[in-house]
Amino acid sequence: MRATILVLQFVGLSGMSTMLFADNPVHHNGVSKVYEPYVLPLERELELRTYYQTDDDPNESDILRQRIGYGASINEKVFAELYLNAMKLPGGSLRLESYELEGRIQLTEQGEYPADWGLLIELERERSESISELATAILVSRQWGDWIGTLNVGVEYEFGSDVDNEFETFLSAQWRLRYRESLEPGVEFYADEYTRGVGPVLTGLIRGQGNRKWHWETGVILPLNATTPDVTYRLLVEFEF
Amino acid sequence: MRSPQQVATISSRISRVTAMLMLFLIATDVVAQTPEFEIEIREHLFYPSELRIPAGQKIKLIIRNLDATPEEFESYELNREKVIVGNSQGIVFIGPLKAGEYPFFGEFNPKTAQGKVIVE
């Protein structure tokens, strides 16, 4: 509860600072995924993420983003994943926009301390422009009975000859009920320089043969400020093997 | 380039996030002394298959995999999954839990590797 209050305080305070950065860059949407701080050895996965946004501004509506990734654990504490990120603008076709390498590090054993800690490191490179992003985030998760609270807080450095080099901060959070393995409802919140969004999510796990698993997440993120799209639908499917 | 005012704002936000993380940590409990229990995996079975632990107390479970093949200790009820490579051991922290039975299984051999934690 205290963590929830702190998140809500952050929402309110950061909402005021948004006024200093009122100009939203074209097609920016900070809705992503809330990462948990856990790594399993011998794990491999294929991942597909889809984001679709609508907005009253026709230039920011009917935009589809897709992200395909392959990841594998390097050891029992480190997981690495390579992504291809594509985007489809209104009236256009799906185009490959960027490549991304991501590393997730489990810092503490699950349940050893009152909260579980991890680290996320991402390096993204645009395909057609000289723009790169290096980001790192702290991943924190804690269980309260049947509820799980997860917080990702990070800093991103954007650099290249086609962009003003700058630091940006971002935060995402999830509050989820462990209802049953195949269906866990929750709420997610996303914040960055321009984005403030919150909305319901559903997640779950479907078991296949042996250690094969399908993990899925879907949600609808609604805006808390004027520079966030009116609706962002998100879907994630991971095939773990 | 950012103006000095914008840089100050970003710096203020980073400080706020850091303070929030520290408060999140402080808001959590103090780690107490943790009793240890052991389970062995042999020929794709858990020994013992029933583990009795005290209610309301965190425990440290050491899982020794004596098989040459990996096994995954998994339990949705315990909210734990841990892969233990062949001929090695893994540590799983469990609880504090309410009294009751919490089943677990070996994900790589789910038909044979089954057990439960009995909290009393």
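Here are some notes on this structure, which is a predicted model.

1. Start with the make-up of chain B. Buried residues account for 28% of the chain's 120 residues. If you take the contacts in chain B with a separation of 6 or more, 58% of them link residues 24 or more positions apart.

2. Next, the sheet in chain B. Five strands form an open sheet in the order β3-β9-β8-β5-β6, and the pairing is mixed. The edges are taken by β3 (50–53) and β6 of chain B; each has a single partner strand, so one side of each has no neighbour in the sheet. From one strand to the next, the twist averages 20°.

3. β3(B) and β9(B) run parallel and are joined by four bridges. To find the pairing on screen, look for B:R52, which sits opposite B:I118 in β9(B).

4. Now for the nonpolar cores. The largest one has 18 residues, and the members that touch the most others are B:L61, B:I63, B:I94, B:F104 and B:V117. At least two residues of this core come from each of β1 (36–42), β4 (59–65), β6 (80–84), β7 (88–94), β8 (100–106) and β9 (114–119) of chain B. There is also a second, separate core of 17 residues, with A:V31, A:L151, A:V153 and A:Y190 among them.

5. What does B:V117 touch, leaving aside its neighbours within four places in sequence? Its contacts are B:L51, B:I53, B:L78, B:I94, B:Y102 and B:F104. Two of these names, B:I94 and B:F104, also turn up in the list of core members that touch the most others.

6. Over in chain A, have a look at A:L151, which lies in strand β7 (residues 147–159). Is this residue buried or exposed? A:L151 counts as buried because it has 28 C-beta neighbours inside 10 Å. Its C-alpha atom is separated by 22 Å from that of A:Y83, a residue 68 positions away along the chain.

7. A:R178 has 17 C-beta neighbours inside 10 Å, so it counts as partly exposed. Setting aside neighbours within four places in sequence, A:R178 is in contact with A:D146, A:I148 and A:E184, and also with B:N79 from chain B. Between the C-alpha atoms of A:R178 and A:W144 there are 10 Å, with 34 residues separating the two along the chain.

8. Last, a run of antiparallel strands in chain A. Strand β1 (residues 44–54) and strand β2 (residues 63–73) run antiparallel, joined by 10 bridges; here A:Y51 stands opposite A:R65 in β2(A). β2(A) is also joined by 10 bridges to strand β3 (residues 78–88), again antiparallel, and in this pairing A:Q66 faces A:A86 in β3(A). How many residues does the hairpin between β2(A) and β3(A) pass through? The hairpin that joins them runs through four residues.

Technical notes. Residues numbered from 1 in each chain as written. Chains lettered and ligands numbered in written order. Predicted model: local features only at pLDDT ≥ 70, side-chain atom pairs only at ≥ 80, totals over all residues. Core = buried A, V, L, I, M, F, W, Y, C linked by C-beta atoms within 7 Å. Buried ≥ 20, exposed ≤ 12 C-beta atoms within 10 Å, placed from the backbone. Contact = placed C-beta atoms within 7 Å. Pairing = 2+ DSSP bridges. Axes fitted to C-alpha atoms, helices over the stretch in contact; angles between N-to-C directions.
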